[in-house]
Amino acid sequence: MNERAGSWLPKLQEVGERLAEEWVSARRPPASDDVPQPHELRASDADRERIAQVLQDAHADGRLTLDELEERLGVLYSARTLGELAALTTDLLPPDQQPLNLDGRPVSAIFKQEQRGGRWVVPAELGVTAMFGTTKLDFRDAILQNRRIIINATLVFGGLEIHVPEGLEVIRVAKDKTVRLTKQPTEPGAPVVEVRTTNFAGEVKVKEPPRRKRRR
């Protein structure tokens with residue numbers, strides 16, 4: 001009957017994450033057919049080069065034969081979508097090291113820290129939960145599915161930390177009150193991240209790049 005100290009934590013995290021996912025799913029509006037899914041977005045030349053580097057590294061250390069490398073490179077340079085690119089490296093790297101992340105599921109941090117970053121597709125609406133934990137979202141190398149991203153954040157003694165590139169605005173909406181969280185000016189029509197918070201002793205922080213010095 002004597003459970004080892006801390007053995008209950010993984011069970012609590014699992015229950016909390018399941019409840020958080022159910023909560024987010026209940027609030028999520030029906031998907032629009034007008035908005036392409038992450039795997040349907042068009043691939044860029046820079047994304048192709050990322051994948052090509054992974055394939056070449058895999059060939060160099062013996063995980064791909066020359067024939068396999070040539071076959072995958074042929075698929076790579078004829079691919080049109082991010083989904084086609086991502087499929088080329090799934091068996092070469094673990095999920096957290098993939099050059100492309102198309103996971104649009106909610107992000108939950110229950111008694112721990114969770115983060116999403118790198119080259120990832122930010123869905124038009126993303127659910128975030130932090131209960132006695134911290135969720136970090138890094139937009140500096142992200143692909144925005146929409147020019148206005150909505151983050152539905154549930155924070156219970158937890159925090160949400162957002163890293164943004166230059167030119168991306170972040171606002172927080174809570175109880176019909178809107179507060180701009182980014183300090184640096186943005187151009188008219190610039191992309192916006194709208195954080196809608198339901199929280200109890202929760203905190204939202206935004207990390208911006210250093211300001212450029214004006215030339216005299």
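In helix α3, the buried residues are L69, R72, L73 and L76; buried means under 20% relative accessible area, exposed over 50%, and partly exposed in between, with a 1.4 Å probe and protein chains only. These four cover an arc of only 105° around the axis, so they sit on the same side of α3. That arc is taken from the directions from the helix axis to the C-beta atoms.

A word on the source: this is a predicted model, in which local features need pLDDT of at least 70, side-chain atom pairs count only at pLDDT 80 or more, and totals for chains, interfaces and linings use all residues. Residues are numbered from 1 along each chain as its sequence is written, and side-chain values use heavy atoms, with hydrogens and water left out.

Back to the helix. What do the buried residues of α3 pack against? They pack against α2 (45–60) and α4 (82–86), where contact means heavy atoms within 4.5 Å. On the face turned away from the buried side, α3 carries the exposed residues D67, E71 and S78. Helices here are DSSP runs of H or I with at least four residues, strands are runs of E with at least two, and both are numbered from the N terminus.

Next, the surface. F111, F132, F157 and F200 form a nonpolar patch with about 420 Å² of accessible area together. Areas come from the Shrake-Rupley method with a 1.4 Å probe, and for residues only the protein chains shown count as cover. Patch members have over 30% relative accessible area and no salt bridge; like charges are joined within 9 Å, and nonpolar side chains (Val, Leu, Ile, Met, Phe, Trp, Tyr) within 5 Å. F111 lies in the loop between β1 (107–110) and β2 (113–116), and its relative accessible area of 33% makes F111 partly exposed.

Now the charged pairs. The whole structure has 14 salt bridges, each a side-chain nitrogen of Lys or Arg within 4 Å of a carboxyl oxygen of Asp or Glu. One of them joins R119 to D47, with the closest N and O atoms 2.8 Å apart. R119 is in the loop between β2 and β3 (121–122) and D47 is in helix α2, 72 residues apart. Both R119 and D47 are buried.

R196 pairs with E194 at 2.7 Å between the closest N and O atoms. R196 is partly exposed at 33% relative accessible area, whereas E194 is buried at 9%. Elsewhere, salt bridges with shared partners join D47, R50, R119 and D141 into one network.
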